[in-house]
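Subject: Structure for your files

Hello,

Here is the structure I said I would pass on. My notes on what was found in it follow below.

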Amino acid sequence: MKIVVIGGSGLIGSKVVSRLRAAGHDVVAASPASGVNTLTGEGLDEALSGAQAVLDVSNSPSFEEKAVTEIFQSPTGNLLAAEARAGVKHHVALSVVGTERLPDSAYFRAKVVQEKMIRESKIPYTLVHSTQFFEFLGAIAQSNAEGDKVHLSPAFVQPIASDDVADAVADYTAGSPKNGMVEIAGPERVRLSELVQRYFKASNDPRTVVSDVHARYFGAELKDDSLVPAGNPRIGALDFNAWFALPKAPR
């Protein structure tokens with residue numbers, strides 16, 4: 001089938017594009033660099049012509065409220081309208097486990113609105129809720145750094161490798177619409193503060209993690225169940241040690 005991947009040049013998008021092409025699909029890796037801009041609508045109709053499925057793995061580079069609202073809402077509206085014109089039969093969107101449980105975060109509030117738009121459209125859909133990626137551990141630590149100390153919540157996480165995310169998303173995109181939400185997660189449930197300390201030790205990073213129940217995660221305080229699956233998720237193959245041993249795992 002013809003599949004259009006919005007955000008097809010990013011971390012997840014590029015991996016999914018490779019997997020879908022290897023499976024024999026006609027895949028368009030759509031991004032502003034390729035002339036497809038969901039914010040303005042430029043190039044959407046041309047890219048979606050003849051497409052059976054669309055996967056949206058685009059993300060916001062900023063977590064400020066105005067920016068995330070703009071990045072998620074207008075582009076989603078433009079994309080869904082273009083899909084309706086093209087007769088697309090399956091819309092897949094990558095989202096986040098815990099989105100509906102973190103209303104104090106502007107990022108997650110924007111994701112809730114985005115998901116509502118998808119559910120209320122007439123296009124069959126699948127929402128893929130993923131836990132946090134191992135690849136973002138360094139960025140999470142840096143966002144909470146105070147000198148040589150990093151304050152992080154002791155809430156549980158169940159992080160997943162981007163390769164496992166790409167495998168799952170490719171399968172869901174090529175499959176039938178769920179008209180609902182599915183969850184994906186890594187094999188190991190661990191406290192966020194403990195995980196980042198392990199990451200520091202493995203990376204020979206001298207900083208120390210301070211376990212702090214009031215530490216913010218993208219603007220919100222966490223509870224133990226905020227970022228872990230509530231149902232029966234698809235479990236990835238790679239735990240932290242296996243992911244960190246990969247040649248291209250970021251340090």
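**Strand S4 and its neighbours**

I begin with a pair of residues in the sheet: alanine 93 stands opposite leucine 127 in S5. Please keep in mind that this is a predicted model. Six bridges join S4 to strand S5 (residues 125-130), and the two run parallel. Strand S3 (residues 53-56) also pairs with S4 in the parallel sense, over four bridges. In that pairing, leucine 55 stands opposite valine 92 of S4. The chain from S4 through helix H4 (residues 106-120) to S5 makes a right-handed β-α-β unit.

How many of the seven residues of strand S4 are buried? Seven of the seven are, over residues 90-96, so the strand is largely enclosed by the rest of the structure. In a regular strand, side chains alternate between the two faces of the sheet. In S4 both faces are covered: His90, Val92, Leu94 and Val96 are buried on one side, and His91, Ala93 and Ser95 are buried on the other.

**The protein as a whole**

The protein contains eight helices and 14 strands. Its radius of gyration is 18 Å, close to the 18 Å that the globule rule gives for 251 residues, so the protein is as compact as a globular protein of that length. The C-alpha trace spans about 50 × 35 × 35 Å along its principal axes. Of the 251 residues, 50% are buried. The accessible surface comes to about 11300 Å², and carbon and sulfur atoms account for 52% of that. Among contacts with a separation of 6 or more, 81% are between residues 24 or more positions apart.

**Salt bridges**

The structure holds 11 salt bridges. Three of them are described here.

- Aspartate 167 and arginine 19 meet through their side chains at 2.5 Å, N to O. This pair links distant parts of the chain, with aspartate 167 in helix H6 (residues 162-174) and arginine 19 in helix H1 (residues 11-22), 148 residues apart. Aspartate 167 has 31% relative accessibility and so counts as partly exposed. Arginine 19, with a relative accessible area of 26%, is partly exposed.

- Arginine 85 and aspartate 45 form a salt bridge at 2.9 Å, N to O. Here too the pair links distant parts of the chain: arginine 85 belongs to helix H3 (residues 65-86) and aspartate 45 to helix H2 (residues 44-48), 40 residues apart. Arginine 85 has a relative accessible area of 57% and is therefore exposed, whereas aspartate 45, at 40%, counts as partly exposed.

- Arginine 198 and glutamate 188 form a salt bridge at 2.9 Å, N to O. Arginine 198 lies in helix H7 (residues 192-202) and glutamate 188 in the loop between strand S9 (180-185) and strand S10 (190-191), so the pair ties together parts that are 10 residues apart in sequence. Arginine 198 is partly exposed at 28% relative accessibility, and glutamate 188 is partly exposed with a relative accessible area of 26%.

Which residues do salt bridges with shared partners join into one network? They are Lys15, Arg19, Asp163 and Asp167.

Regards

Terms used. Residues numbered from 1 in each chain as written. Predicted model: local features only at pLDDT ≥ 70, side-chain atom pairs only at ≥ 80, totals over all residues. Heavy atoms only, no water. Buried < 20%, exposed > 50% of the residue type's maximum accessible area, 1.4 Å probe, protein only. Pairing = 2+ DSSP bridges. Right-handed = clockwise from strand over helix to strand, strands pointing away. Rg over C-alpha atoms; globule rule 2.2 N^0.38 Å. Contact = heavy atoms within 4.5 Å. Areas by Shrake-Rupley, 256 points an atom, 1.4 Å probe, with all protein chains shown as cover. Salt bridge = Lys/Arg side-chain N within 4 Å of Asp/Glu carboxyl O.
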